[in-house]
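Hi everyone, thanks for coming. Let's take a look together at the salt bridges in this structure.

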Amino acid sequence: IAAQFIENEFKSMNLKPFCADYRQYYTFPMNVLDGNVTLSFDGRKLTPGKDFVVWAASPDVKGDFDVIQVKITKAKKLRNLYKLQSQASNKVIVIDKTGVTDKKVLNALDSLKYYNFLHAKGLIFVSDKKPMWSVMIGFKPRGWAVFDVQNSDILKARRVSLEIEGTFNENYRTSNVAAFVKGKKQPDTFL
């Protein structure tokens, strides 16, 4: 939808396409979250895109899960995470990053997204910052769900309900939209 809008704007401004049209098509592997994506707790359903975003590498998951709450503000307490390994299987870890400013702590907590050594079914990162979504990591689905949440009420939850429906597409097709203005002095030169 956005690409079509941009293409139409380029046409209306009489910009020139590089190819037959304004699109530069390419494919890449992508985990496409094209179905339901829900997160709820205590009978309260959060709004995707507003209250939370789901990590693009999250696999399909559906169910109700017990929660382990974690709050670590100091680097010397990071080793306490390892103590959770025996308890975390088939549970969701809710990690409170609210107010944490220590970069070492933040980096260590965020690394769980990539290396879930706890073997949790899911990870929920709670922050006072607006959650941002990216496709960057979606090239390979992981074995655990990850949510970034901006709703501190979830810090009281004992159980959460998760649902993610997606499709891994080995050759996801998309495009850049590009155009140019033909120069008058050096029409065959590009910057």
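Arg23 and Glu7 are both buried, where buried means under 20% relative accessible area, exposed over 50%, and partly exposed in between, using a 1.4 Å probe and protein chains only. Before we go on, a word on the source: this is a predicted model, where local features need pLDDT of at least 70, side-chain atom pairs count only at pLDDT 80 or more, and totals for chains, interfaces and linings use all residues. Residues are numbered from 1 along each chain as its sequence is written, and side-chain values use heavy atoms, leaving out hydrogens and water.

Back to our pair. The side chains of Arg23 and Glu7 form a salt bridge, 2.8 Å from N to O; that term means a side-chain nitrogen of Lys or Arg within 4 Å of a carboxyl oxygen of Asp or Glu. Arg23 sits in strand S2 (residues 23–32) and Glu7 in helix H1, so this bridge links distant parts of the chain, 16 residues apart. Helices (H or I, at least four residues) and strands (E, at least two) are DSSP runs, numbered from the N terminus.

What is the relative accessible area of Glu7? For Glu7, the value is 8%. Glu7 also meets Lys11 in a salt bridge, at 3.6 Å from N to O. These two are four residues apart in helix H1 (residues 2–12), which means about one helical turn lies between them. Lys11 is partly exposed, at 41%.

Now for another pair: Lys97 bridges to Asp110, with the closest N and O atoms 2.8 Å apart. Lys97 is buried at 14%, while Asp110 is partly exposed at 24%.
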